[in-house]
Amino acid sequence: MSVSRIPTRQRIVNTALELFASKGITETTTRQIADFAQVNEVTLFRHFGNKHGLLLAVLQECLQKYLVLAQVGESLMVSDISSQSDLRRFLKYYIQSSLRALESVPELVRSLVGEAGQYPAESRQALAQGINQVNQTIATAINDVLANSRLQYTLPPIKLANLLNTCILGYAVITLTSDVQAIWRDRDDFVNTLVDMFIQEVSPLTPAHPIIDIPAETVREILLQAKKCGAKDYAIAYLLFGAGLMAIDITRLRLKDYQIQSNHGILRTKDTSNQVRSVPLNQKILGHRYGSATSNPLSAYLKVRKQELKDLQKSRHNGDGDEIEAMFISGDRKPLTLEEIEQLWGRWTQPYCNLDGSPLAIMQARHTWCIEMLARGIDADSFCIISGIKVKELQAYQTRLNEKLAIDKAIALDS
(Lines give C-alpha, C1' and ligand atoms only; values in the text may rest on other atoms or scores of the structure.)
Protein backbone atom coordinates (compact mmCIF):
# COMPACT_ATOMS: atom_id res chain seq x y z
CA MET A 1 0.00 0.00 0.00
CA SER A 2 1.37 3.44 -0.92
CA VAL A 3 2.25 5.86 1.88
CA SER A 4 -0.43 8.30 0.75
CA ARG A 5 -3.20 5.73 1.22
CA ILE A 6 -2.31 4.92 4.85
CA PRO A 7 -4.08 7.24 7.35
CA THR A 8 -1.67 9.77 8.85
CA ARG A 9 -2.07 8.56 12.45
CA GLN A 10 -1.48 4.92 11.51
CA ARG A 11 1.52 5.87 9.35
CA ILE A 12 3.13 7.67 12.29
CA VAL A 13 2.50 4.66 14.61
CA ASN A 14 3.93 2.22 12.04
CA THR A 15 7.04 4.37 11.56
CA ALA A 16 7.56 4.82 15.31
CA LEU A 17 7.32 1.08 15.88
CA GLU A 18 9.89 0.42 13.15
CA LEU A 19 12.34 3.00 14.52
CA PHE A 20 11.81 2.06 18.18
CA ALA A 21 12.43 -1.59 17.28
CA SER A 22 15.61 -0.86 15.30
CA LYS A 23 17.19 2.01 17.26
CA GLY A 24 15.58 1.95 20.70
CA ILE A 25 13.18 4.47 22.22
CA THR A 26 15.68 6.97 23.62
CA GLU A 27 17.76 7.08 20.46
CA THR A 28 14.72 7.79 18.30
CA THR A 29 13.55 11.40 18.10
CA THR A 30 10.15 12.74 17.13
CA ARG A 31 11.82 14.62 14.28
CA GLN A 32 13.17 11.35 12.85
CA ILE A 33 9.75 9.70 13.15
CA ALA A 34 8.05 12.66 11.44
CA ASP A 35 10.62 12.68 8.62
CA PHE A 36 10.34 8.93 7.97
CA ALA A 37 6.54 9.10 8.13
CA GLN A 38 6.61 12.06 5.71
CA VAL A 39 4.65 14.37 8.01
CA ASN A 40 5.37 17.61 9.81
CA GLU A 41 6.54 17.24 13.43
CA VAL A 42 3.64 19.51 14.45
CA THR A 43 1.24 16.92 12.98
CA LEU A 44 2.83 14.25 15.17
CA PHE A 45 2.33 16.36 18.29
CA ARG A 46 -1.26 17.16 17.30
CA HIS A 47 -2.10 13.43 17.15
CA PHE A 48 -0.12 12.19 20.17
CA GLY A 49 0.81 15.16 22.35
CA ASN A 50 4.40 14.07 22.90
CA LYS A 51 6.79 11.16 22.49
CA HIS A 52 5.33 9.27 25.45
CA GLY A 53 1.85 9.58 23.96
CA LEU A 54 3.19 8.10 20.74
CA LEU A 55 4.91 5.29 22.67
CA LEU A 56 1.59 4.50 24.35
CA ALA A 57 -0.08 4.20 20.93
CA VAL A 58 2.74 1.93 19.71
CA LEU A 59 2.39 -0.33 22.76
CA GLN A 60 -1.37 -0.60 22.22
CA GLU A 61 -0.77 -1.48 18.57
CA CYS A 62 1.72 -4.23 19.52
CA LEU A 63 -0.61 -5.69 22.14
CA GLN A 64 -3.59 -5.73 19.76
CA LYS A 65 -1.56 -7.54 17.11
CA TYR A 66 -0.36 -10.02 19.72
CA LEU A 67 -3.93 -10.66 20.91
CA VAL A 68 -5.06 -11.36 17.35
CA LEU A 69 -2.20 -13.86 16.90
CA ALA A 70 -3.01 -15.51 20.24
CA GLN A 71 -6.71 -15.82 19.39
CA VAL A 72 -5.96 -17.24 15.93
CA GLY A 73 -3.60 -19.78 17.48
CA GLU A 74 -6.24 -20.65 20.06
CA SER A 75 -8.98 -21.21 17.47
CA LEU A 76 -6.66 -23.35 15.33
CA MET A 77 -5.51 -25.58 18.17
CA VAL A 78 -8.01 -25.74 21.02
CA SER A 79 -10.62 -27.81 19.20
CA ASP A 80 -7.93 -30.43 18.48
CA ILE A 81 -6.86 -30.80 22.11
CA SER A 82 -7.96 -34.08 23.67
CA SER A 83 -5.05 -35.43 25.71
CA GLN A 84 -2.13 -34.49 27.93
CA SER A 85 0.27 -34.80 24.98
CA ASP A 86 -1.90 -32.32 23.06
CA LEU A 87 -1.75 -29.94 26.03
CA ARG A 88 2.04 -30.16 25.87
CA ARG A 89 1.90 -29.31 22.16
CA PHE A 90 -0.38 -26.32 22.83
CA LEU A 91 1.90 -24.91 25.57
CA LYS A 92 5.02 -25.40 23.46
CA TYR A 93 3.39 -23.66 20.50
CA TYR A 94 2.32 -20.70 22.63
CA ILE A 95 5.67 -20.26 24.41
CA GLN A 96 7.69 -20.47 21.20
CA SER A 97 5.35 -18.06 19.35
CA SER A 98 5.54 -15.57 22.23
CA LEU A 99 9.34 -15.68 22.35
CA ARG A 100 9.62 -15.21 18.59
CA ALA A 101 7.33 -12.16 18.81
CA LEU A 102 9.42 -10.59 21.59
CA GLU A 103 12.76 -11.42 19.97
CA SER A 104 11.63 -9.85 16.68
CA VAL A 105 11.83 -6.39 18.31
CA PRO A 106 14.94 -6.64 20.54
CA GLU A 107 15.71 -2.92 20.75
CA LEU A 108 12.12 -2.14 21.70
CA VAL A 109 12.21 -4.72 24.52
CA ARG A 110 15.58 -3.44 25.78
CA SER A 111 14.30 0.14 25.75
CA LEU A 112 11.05 -0.76 27.53
CA VAL A 113 13.04 -2.43 30.31
CA GLY A 114 15.85 0.09 30.59
CA GLU A 115 13.73 3.23 30.35
CA ALA A 116 10.58 2.13 32.19
CA GLY A 117 11.33 4.44 35.12
CA GLN A 118 11.10 7.45 32.83
CA TYR A 119 7.58 6.73 31.56
CA PRO A 120 4.58 8.66 32.92
CA ALA A 121 2.11 6.76 35.11
CA GLU A 122 -0.48 6.51 32.33
CA SER A 123 1.98 4.70 30.04
CA ARG A 124 2.89 2.20 32.76
CA GLN A 125 -0.79 1.64 33.60
CA ALA A 126 -1.68 1.12 29.94
CA LEU A 127 1.12 -1.42 29.56
CA ALA A 128 -0.09 -3.27 32.67
CA GLN A 129 -3.68 -3.31 31.35
CA GLY A 130 -2.47 -4.66 28.02
CA ILE A 131 -0.54 -7.45 29.71
CA ASN A 132 -3.61 -8.29 31.81
CA GLN A 133 -5.67 -8.49 28.60
CA VAL A 134 -3.15 -10.91 27.09
CA ASN A 135 -3.22 -12.98 30.29
CA GLN A 136 -7.02 -13.16 30.19
CA THR A 137 -7.00 -14.28 26.55
CA ILE A 138 -4.53 -17.07 27.30
CA ALA A 139 -6.41 -18.02 30.50
CA THR A 140 -9.54 -18.56 28.39
CA ALA A 141 -7.57 -20.75 25.97
CA ILE A 142 -6.04 -22.76 28.82
CA ASN A 143 -9.49 -23.21 30.40
CA ASP A 144 -10.81 -24.57 27.08
CA VAL A 145 -7.79 -26.85 26.60
CA LEU A 146 -8.15 -28.36 30.07
CA ALA A 147 -11.91 -28.85 29.56
CA ASN A 148 -11.42 -30.56 26.17
CA SER A 149 -8.65 -32.74 27.59
CA ARG A 150 -10.64 -33.68 30.71
CA LEU A 151 -7.67 -32.45 32.76
CA GLN A 152 -7.42 -30.30 35.87
CA TYR A 153 -4.72 -28.02 37.27
CA THR A 154 -3.94 -27.00 40.82
CA LEU A 155 -4.12 -23.27 39.95
CA PRO A 156 -7.03 -21.35 38.36
CA PRO A 157 -6.46 -20.68 34.60
CA ILE A 158 -5.89 -16.95 35.14
CA LYS A 159 -3.08 -17.55 37.65
CA LEU A 160 -1.60 -20.18 35.35
CA ALA A 161 -1.64 -17.66 32.47
CA ASN A 162 -0.09 -14.95 34.67
CA LEU A 163 2.72 -17.28 35.74
CA LEU A 164 3.31 -18.59 32.21
CA ASN A 165 3.57 -15.12 30.67
CA THR A 166 5.79 -13.88 33.51
CA CYS A 167 8.25 -16.71 32.80
CA ILE A 168 8.17 -16.01 29.05
CA LEU A 169 8.73 -12.27 29.49
CA GLY A 170 11.48 -12.88 32.06
CA TYR A 171 13.34 -15.22 29.71
CA ALA A 172 13.03 -12.73 26.84
CA VAL A 173 14.42 -9.90 28.98
CA ILE A 174 17.36 -12.05 30.15
CA THR A 175 18.04 -13.18 26.58
CA LEU A 176 18.09 -9.64 25.21
CA THR A 177 20.02 -7.99 28.04
CA SER A 178 22.58 -10.60 29.19
CA ASP A 179 24.26 -13.91 28.39
CA VAL A 180 21.42 -16.42 28.53
CA GLN A 181 23.83 -19.28 27.81
CA ALA A 182 25.03 -19.01 31.41
CA ILE A 183 21.54 -20.00 32.60
CA TRP A 184 19.94 -22.06 29.82
CA ARG A 185 21.70 -24.19 27.21
CA ASP A 186 19.44 -22.76 24.48
CA ARG A 187 15.85 -21.68 23.90
CA ASP A 188 14.60 -25.27 23.46
CA ASP A 189 16.05 -26.15 26.87
CA PHE A 190 14.05 -23.31 28.46
CA VAL A 191 10.83 -24.10 26.56
CA ASN A 192 10.92 -27.82 27.36
CA THR A 193 11.71 -27.18 31.03
CA LEU A 194 8.84 -24.68 31.34
CA VAL A 195 6.40 -27.05 29.63
CA ASP A 196 7.53 -29.94 31.85
CA MET A 197 7.01 -27.81 34.95
CA PHE A 198 3.41 -27.05 34.00
CA ILE A 199 2.57 -30.55 32.76
CA GLN A 200 3.76 -32.11 36.04
CA GLU A 201 0.96 -30.30 37.89
CA VAL A 202 -1.76 -31.50 35.50
CA SER A 203 -3.89 -34.49 36.41
CA PRO A 204 -6.95 -36.20 34.93
CA LEU A 205 -10.29 -35.00 36.18
CA THR A 206 -11.52 -37.06 39.07
CA PRO A 207 -14.69 -39.03 38.42
CA ALA A 208 -17.60 -36.67 38.07
CA HIS A 209 -19.15 -35.68 41.36
CA PRO A 210 -22.91 -36.12 41.76
CA ILE A 211 -24.87 -33.27 40.22
CA ILE A 212 -25.76 -30.86 43.03
CA ASP A 213 -28.48 -28.34 42.26
CA ILE A 214 -29.57 -25.45 44.49
CA PRO A 215 -32.95 -25.44 46.28
CA ALA A 216 -35.58 -23.10 44.82
CA GLU A 217 -35.78 -20.92 47.93
CA THR A 218 -32.00 -20.46 47.97
CA VAL A 219 -31.99 -19.56 44.28
CA ARG A 220 -34.59 -16.90 44.99
CA GLU A 221 -32.46 -15.49 47.82
CA ILE A 222 -29.33 -15.46 45.64
CA LEU A 223 -31.14 -13.54 42.92
CA LEU A 224 -32.38 -11.04 45.51
CA GLN A 225 -28.83 -10.61 46.84
CA ALA A 226 -27.59 -9.98 43.29
CA LYS A 227 -30.39 -7.45 42.73
CA LYS A 228 -29.26 -5.50 45.79
CA CYS A 229 -25.74 -5.31 44.34
CA GLY A 230 -26.88 -3.54 41.17
CA ALA A 231 -28.28 -3.99 37.68
CA LYS A 232 -25.18 -5.73 36.30
CA ASP A 233 -25.02 -8.29 39.12
CA TYR A 234 -28.75 -9.00 38.80
CA ALA A 235 -28.47 -9.50 35.03
CA ILE A 236 -25.53 -11.92 35.38
CA ALA A 237 -27.31 -13.95 38.07
CA TYR A 238 -30.37 -14.03 35.82
CA LEU A 239 -28.30 -15.47 32.95
CA LEU A 240 -26.75 -18.12 35.21
CA PHE A 241 -30.09 -19.41 36.46
CA GLY A 242 -32.33 -18.43 33.53
CA ALA A 243 -30.18 -19.64 30.63
CA GLY A 244 -27.75 -22.07 32.27
CA LEU A 245 -24.72 -20.16 31.02
CA MET A 246 -21.29 -20.88 32.44
CA ALA A 247 -19.10 -18.03 33.66
CA ILE A 248 -16.85 -18.39 30.60
CA ASP A 249 -19.92 -17.99 28.34
CA ILE A 250 -20.76 -14.69 30.01
CA THR A 251 -17.26 -13.27 29.44
CA ARG A 252 -17.71 -13.90 25.71
CA LEU A 253 -21.15 -12.29 25.32
CA ARG A 254 -21.50 -9.28 23.07
CA LEU A 255 -24.37 -6.81 22.97
CA LYS A 256 -25.55 -8.23 19.65
CA ASP A 257 -25.86 -11.72 21.19
CA TYR A 258 -29.21 -10.88 22.86
CA GLN A 259 -32.24 -10.86 20.58
CA ILE A 260 -35.99 -11.06 21.04
CA GLN A 261 -37.76 -13.64 18.90
CA SER A 262 -41.43 -14.60 19.15
CA ASN A 263 -41.78 -12.61 22.37
CA HIS A 264 -38.91 -14.51 23.98
CA GLY A 265 -35.30 -13.54 24.73
CA ILE A 266 -32.64 -15.57 22.91
CA LEU A 267 -28.91 -15.58 23.67
CA ARG A 268 -26.25 -16.67 21.18
CA THR A 269 -23.14 -18.23 22.72
CA LYS A 270 -20.01 -20.01 21.47
CA ASP A 271 -18.54 -23.19 22.91
CA THR A 272 -14.85 -24.14 23.15
CA SER A 273 -14.77 -25.23 19.48
CA ASN A 274 -16.33 -21.93 18.33
CA GLN A 275 -19.69 -23.57 17.59
CA VAL A 276 -22.61 -21.17 18.01
CA ARG A 277 -25.71 -22.24 19.92
CA SER A 278 -28.88 -20.37 20.79
CA VAL A 279 -30.29 -20.53 24.31
CA PRO A 280 -33.74 -19.26 25.37
CA LEU A 281 -33.72 -16.97 28.39
CA ASN A 282 -36.38 -18.33 30.73
CA GLN A 283 -38.91 -15.83 32.04
CA LYS A 284 -39.65 -18.20 34.92
CA ILE A 285 -37.00 -19.66 37.24
CA LEU A 286 -38.17 -22.42 39.60
CA GLY A 287 -41.74 -21.12 39.59
CA HIS A 288 -40.97 -17.42 40.05
CA ARG A 289 -41.47 -15.03 37.12
CA TYR A 290 -38.75 -12.49 36.36
CA GLY A 291 -40.53 -10.30 33.86
CA SER A 292 -40.97 -10.72 30.11
CA ALA A 293 -38.80 -10.74 27.01
CA THR A 294 -38.71 -6.95 26.95
CA SER A 295 -38.72 -6.32 30.71
CA ASN A 296 -36.40 -8.52 32.78
CA PRO A 297 -33.12 -8.16 34.73
CA LEU A 298 -31.05 -8.33 31.53
CA SER A 299 -33.10 -5.75 29.62
CA ALA A 300 -32.98 -3.43 32.65
CA TYR A 301 -29.19 -3.70 32.73
CA LEU A 302 -28.94 -3.08 28.98
CA LYS A 303 -30.72 0.25 29.46
CA VAL A 304 -27.97 1.26 31.90
CA ARG A 305 -25.40 -0.10 29.46
CA LYS A 306 -26.62 2.29 26.74
CA GLN A 307 -25.16 5.22 28.64
CA GLU A 308 -21.91 3.32 29.18
CA LEU A 309 -21.89 2.61 25.44
CA LYS A 310 -22.16 6.31 24.62
CA ASP A 311 -19.22 7.06 26.91
CA LEU A 312 -17.13 4.25 25.45
CA GLN A 313 -17.84 5.25 21.85
CA LYS A 314 -16.02 8.50 22.54
CA SER A 315 -12.85 6.45 23.10
CA ARG A 316 -13.27 4.15 20.08
CA HIS A 317 -10.32 5.90 18.41
CA ASN A 318 -8.19 4.62 21.28
CA GLY A 319 -8.80 1.02 20.22
CA ASP A 320 -11.64 0.22 22.61
CA GLY A 321 -13.94 -1.33 19.98
CA ASP A 322 -13.94 -4.76 21.65
CA GLU A 323 -14.84 -3.25 25.01
CA ILE A 324 -17.74 -1.36 23.43
CA GLU A 325 -19.13 -4.61 22.02
CA ALA A 326 -18.78 -6.61 25.24
CA MET A 327 -22.10 -7.07 27.04
CA PHE A 328 -20.55 -6.90 30.52
CA ILE A 329 -17.63 -4.65 31.39
CA SER A 330 -15.75 -4.00 34.62
CA GLY A 331 -14.94 -0.73 36.34
CA ASP A 332 -11.88 -0.17 34.13
CA ARG A 333 -14.06 -0.48 31.02
CA LYS A 334 -12.61 -3.85 30.05
CA PRO A 335 -14.68 -6.98 29.35
CA LEU A 336 -15.61 -8.74 32.59
CA THR A 337 -13.22 -11.60 33.39
CA LEU A 338 -13.78 -15.09 34.80
CA GLU A 339 -12.16 -14.06 38.05
CA GLU A 340 -14.47 -11.05 38.42
CA ILE A 341 -17.62 -13.11 37.78
CA GLU A 342 -16.53 -15.66 40.40
CA GLN A 343 -16.00 -12.80 42.84
CA LEU A 344 -19.55 -11.56 42.17
CA TRP A 345 -20.89 -15.08 42.76
CA GLY A 346 -19.04 -15.27 46.07
CA ARG A 347 -20.60 -11.98 47.14
CA TRP A 348 -24.18 -13.14 46.43
CA THR A 349 -23.81 -16.65 47.84
CA GLN A 350 -21.68 -15.92 50.91
CA PRO A 351 -24.54 -16.56 53.41
CA TYR A 352 -25.46 -19.95 51.89
CA CYS A 353 -23.83 -23.38 51.65
CA ASN A 354 -24.50 -26.96 50.58
CA LEU A 355 -25.79 -29.60 52.98
CA ASP A 356 -22.23 -30.77 53.65
CA GLY A 357 -21.19 -27.24 54.59
CA SER A 358 -19.21 -26.55 51.40
CA PRO A 359 -19.68 -23.18 49.66
CA LEU A 360 -21.98 -23.01 46.65
CA ALA A 361 -20.04 -23.34 43.39
CA ILE A 362 -20.95 -21.22 40.39
CA MET A 363 -21.39 -24.38 38.26
CA GLN A 364 -24.31 -25.36 40.51
CA ALA A 365 -26.37 -22.59 38.87
CA ARG A 366 -26.01 -24.44 35.55
CA HIS A 367 -26.84 -27.75 37.22
CA THR A 368 -29.99 -26.15 38.65
CA TRP A 369 -31.05 -24.83 35.25
CA CYS A 370 -30.40 -28.19 33.54
CA ILE A 371 -32.49 -30.12 36.05
CA GLU A 372 -35.30 -27.56 35.83
CA MET A 373 -35.38 -27.82 32.02
CA LEU A 374 -35.58 -31.62 32.20
CA ALA A 375 -38.27 -31.37 34.89
CA ARG A 376 -40.34 -29.17 32.60
CA GLY A 377 -40.36 -31.99 30.06
CA ILE A 378 -37.90 -30.95 27.36
CA ASP A 379 -36.80 -33.95 25.27
CA ALA A 380 -33.21 -35.15 25.43
CA ASP A 381 -32.22 -34.11 21.89
CA SER A 382 -33.53 -30.56 22.29
CA PHE A 383 -31.93 -30.26 25.72
CA CYS A 384 -28.50 -31.27 24.38
CA ILE A 385 -28.81 -28.74 21.55
CA ILE A 386 -29.58 -25.71 23.71
CA SER A 387 -27.32 -26.68 26.64
CA GLY A 388 -24.29 -27.88 24.68
CA ILE A 389 -24.18 -30.94 26.95
CA LYS A 390 -23.15 -34.18 25.28
CA VAL A 391 -25.58 -37.10 25.27
CA LYS A 392 -23.20 -39.24 27.38
CA GLU A 393 -23.27 -36.56 30.12
CA LEU A 394 -27.05 -36.38 30.19
CA GLN A 395 -27.56 -39.41 32.40
CA ALA A 396 -26.08 -37.70 35.48
CA TYR A 397 -28.68 -34.92 35.25
CA GLN A 398 -31.50 -37.38 34.64
CA THR A 399 -30.40 -39.41 37.67
CA ARG A 400 -30.48 -36.33 39.89
CA LEU A 401 -33.93 -35.36 38.57
CA ASN A 402 -35.25 -38.86 39.29
CA GLU A 403 -33.92 -38.58 42.86
CA LYS A 404 -35.76 -35.29 43.36
CA LEU A 405 -38.99 -36.69 41.89
CA ALA A 406 -38.74 -39.79 44.10
CA ILE A 407 -38.33 -37.62 47.22
CA ASP A 408 -41.33 -35.47 46.20
CA LYS A 409 -43.48 -38.59 45.72
CA ALA A 410 -42.42 -39.97 49.10
CA ILE A 411 -43.27 -36.66 50.80
CA ALA A 412 -46.65 -36.58 49.03
CA LEU A 413 -47.54 -39.94 50.62
CA ASP A 414 -47.24 -38.30 54.03
CA SER A 415 -49.64 -35.46 53.31
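1. An open sheet is built from 3 strands in the order 3-4-5, and the pairing is antiparallel. The edges are strand 3 (258-261) and strand 5 (276-280), each of which pairs on one side only. Direction ignored, neighbouring strands of this sheet are turned by 35 degrees against each other on average. The model is a predicted one.

2. Strands of a sheet pair through backbone hydrogen bonds, and the pairing can be parallel or antiparallel. Here strand 3 runs antiparallel to strand 4 (residues 264-270), and 4 bridges join the two. Which residue of strand 4 stands opposite Q259? The residue is I266.

3. Q261 deserves a separate point. Q261 has its place in strand 3.

4. Helix 9 covers residues 187-200, which is 14 residues. From its first C-alpha to its last, helix 9 reaches 20 Å, close to the 20 Å expected at 1.5 Å a residue. The N-terminal end of helix 9 is capped by D186, with a side-chain oxygen 3.2 Å from the backbone nitrogen of D188. The buried residues in helix 9 are D189, F190, V191, L194, V195, F198 and I199.

5. An α-helix has 3.6 residues a turn, so residues three or four places apart point the same way. With that in mind, look at helix 18, where L394, Y397 and L401 are buried.

6. Why does the length of helix 18 agree with expectation? Helix 18 (residues 391-413) has 23 residues, which should span 33 Å at 1.5 Å a residue, and its end C-alpha atoms are 34 Å apart, so the two values agree.

7. What do the buried residues of helix 18 pack against? They pack against helix 16 (363-375) and helix 17 (380-387). Two packed helices are described by the angle between their axes and the distance between the axes. For helix 16 and helix 18, the axes come within 10 Å and cross at roughly 70 degrees. Helix 16 is therefore roughly perpendicular to helix 18. On the side of helix 16, the contact is made by H367, C370, I371, L374 and A375. Helix 18 contributes L394, Y397, Q398, R400, L401 and K404 to this contact.

Note on methods: Residues are numbered from 1 along each chain as its sequence is written. This is a predicted model: local features need pLDDT of at least 70, side-chain atom pairs count only at pLDDT 80 or more; totals for chains, interfaces and linings use all residues. Side-chain values use heavy atoms; hydrogens and water are left out. Two strands pair if DSSP finds at least two bridges between them. Axes are lines fitted to C-alpha atoms, for helices over the stretch in contact, and angles run from 0 to 180 degrees between N-to-C directions. The expected span of a helix is 1.5 Å times one less than its number of residues. Buried means under 20% relative accessible area, exposed over 50%, partly exposed in between (1.4 Å probe, protein chains only). A polar contact is a pair of N or O atoms within 3.5 Å; within protein, one must be able to donate a hydrogen and the other to accept it, and residues adjacent in sequence count only if both atoms are side-chain atoms. Contact means heavy atoms within 4.5 Å. Angles under 35 degrees count as roughly parallel, over 145 as roughly antiparallel, 65 to 115 as roughly perpendicular and the rest as oblique.
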